[in-house]
Amino acid sequence: MTSEHKRSGGDDAAEWASLTPEALRDEIRANRRAELRLMVLGILAMAITATVLVLRGAVV
Amino acid sequence: MPTGDDVLAVVAALCVVAVALGVVPVLTGVYQYLLLPVHSVRNHLRKAQPYLPRVAVLIPAWNEAAVLTSSLTRLMDLEYPPENLRVYVIDDASTDETPAVLAVMTQKWPERIVHLRREQGGQGKAHTLNHGLEQVLADDWCQAVMITDADVIFLPDSLRRMTRHLADPRIGAVTGYIREGTGKPGTVSRFVGFEYVTAQAAARRAQNVLGALACLAGGAQLHARDSLVAVGGRIDTSTLAEDTFTTILTQLNGRRVVFEPYAQVLAEEPDSINALWKQRVRWARGNVRITAHFRDIWFRPSRRHRLGSISFGLIWFSVFLLPVANLAATVGLLGLYAIDSVVALQTFRALWWVSATAYIFVTLTSLLIDSATARRSWWQGLTFPGLGAIVVMIAAWFPGFIEVTVTGWLGLPAIPDDATLWIFALYAWNVLAMGLAWTLKGLERVRGGRWPSRLLLYVVGFGPMLCAITLDAYVKEWRKKAAVWDKTVKSGRVVG
């Protein structure tokens, strides 16, 4: 296991590596939660882009 | 009888349409990024289940001694039931130390690594893979087949994160997220690293949402056995993009293909412009043939698959026809300039206003969704369209800023409004950048040319260079140049 991998998963990663059905289900749930982060990041990127457009409108 | 003014008006309208064509790929790119938040709630993870089938990993190898020890060791260290994993290295008549390396590895893991030697090789990756497929499909041991490359390093959790999707029988194949993983990446490798965020982490998530995937990554494609058998149990040998061919066949057969962003593997990507050019021409020529071969599916919606949807067609052709779109936009702008310079200026600003907005949104999102790559390749991300294109965007967004303000800072005379050369450079930048990209190959080859070629790459941009490579692939296909399988040399610089 790489150091990067340990950092990203921590204790959960060690538990998931046990490969028991419950551990694997927990890993799937964790990945689904992590995917929800995209919603925040996508909206954040849209907000920043919109802000730039507004500022650009103010400058010109 | 139409007057001269009528004819000019029609030509001007056609020029505007040509410029609008240039905007289509930009808008399609933005559309894919807008689908990213949707993927957070609409993905296949909700249907994934713990599933650890017996997997046969196929590794085609020709002179891969430098990388095999590392990649095979990492496969043996996967967090996956060892009794359910066998690795078959198909040695395509290697002439280096590959057989000796494999002798050591098969002795260390006698039940789990198999050395398949072809005495007559050199036919290409697809033929090599077919040799392996014949072996692994000969008995009923394997339930899934993983196709990968000799240099690919699998992270410990990657395989099980792919197999969990095969628990759903509607899924025919799964692909992982290939990240550029060189220990000390150079400029070209860093650009590729950022490109993979856009082309995989972002675009493939969007394609998951649309229900149609353009390509299973060649280095991490997991097939359900029955799905692979249903499409012939063999890899197509007629194109240079066998992974895309299999991806499309699988979906035409009614099985879905999904991208799993949390199954990450590391690969060594080319760090020279010439090696990258060779690799990407091969890919692009493959795509030309695939576009023609599957000509009946584009923009023809079907109940069996989503490849014929309008959205997917736009995504496919926005990449495939990008050089044409750039050329059309340039011809349109220059044509308008010849007819009416005021309309040309307004159209130019509109075109680059859209491009600048897309650049900010896409770059920002890409850097946010993969922080590890962002740390490695943030500068290559910012300069992906090229410093030249950024200058054009500034000129379009802030009229007079460069022409008056910047030249003033530099103590130079202001650029007049009717400076033909400046206007030509702005309006034709997309095509000029592709032209300059062609010189990069030659410049890199000359003695002492490596450093200047990297500097010019930042000016031209990685995106326009890829566009020039696609154009080169068109030309080679049109001239029916021999389609040769040119192996990308790997040196074992991946660390993970």
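Predicted model: local features only at pLDDT ≥ 70, side-chain atom pairs only at ≥ 80, totals over all residues.
Good morning. Chain A and chain B bury about 3,200 Å² between them, and 70% of that area lies on carbon and sulfur atoms. The size of an interface is often expressed as the accessible area that is lost when the parts come together, and that is the quantity with which I have opened.

Let us turn to the residues involved. Chain A brings 32 residues to the contact, and chain B brings 38 residues.

How many salt bridges are there between chain A and chain B? The count is three. In one of them, the side chain of A:Glu35 meets that of B:Arg205, with 2.6 Å from N to O. There are also seven residue pairs in polar contact between chain A and chain B, with both residues at pLDDT 80 or more.

Which elements of chain A give two or more residues to the side that touches chain B? They are helix H1, residues 3-16, and helix H2, residues 21-59. Of the side of chain A that touches chain B, H2(A) supplies the most, namely 24 residues. By residue type, this side of chain A divides into 20 nonpolar, five polar and seven charged residues.

Finally, I shall consider chain A as a whole. Its secondary structure consists of two helices and zero strands. Chain A has 60 residues, and 32% of them are buried. The accessible surface of chain A is about 3,700 Å², with 62% belonging to carbon and sulfur atoms.

Thank you for your attention.

Technical notes: Residues numbered from 1 in each chain as written. Chains lettered and ligands numbered in written order. Heavy atoms only, no water. Contact = heavy atoms within 4.5 Å. Buried area = accessible area lost by both parts, 1.4 Å probe. Salt bridge = Lys/Arg side-chain N within 4 Å of Asp/Glu carboxyl O. Polar contact = N/O pair within 3.5 Å; in protein donor to acceptor, adjacent residues only side chain to side chain. Helix = DSSP H or I, 4+ residues; strand = E, 2+ residues; numbered from the N terminus. Nonpolar A, V, L, I, M, F, W, Y, C, P; charged D, E, K, R; others polar. Buried < 20%, exposed > 50% of the residue type's maximum accessible area, 1.4 Å probe, protein only. Areas by Shrake-Rupley, 256 points an atom, 1.4 Å probe, with all protein chains shown as cover.
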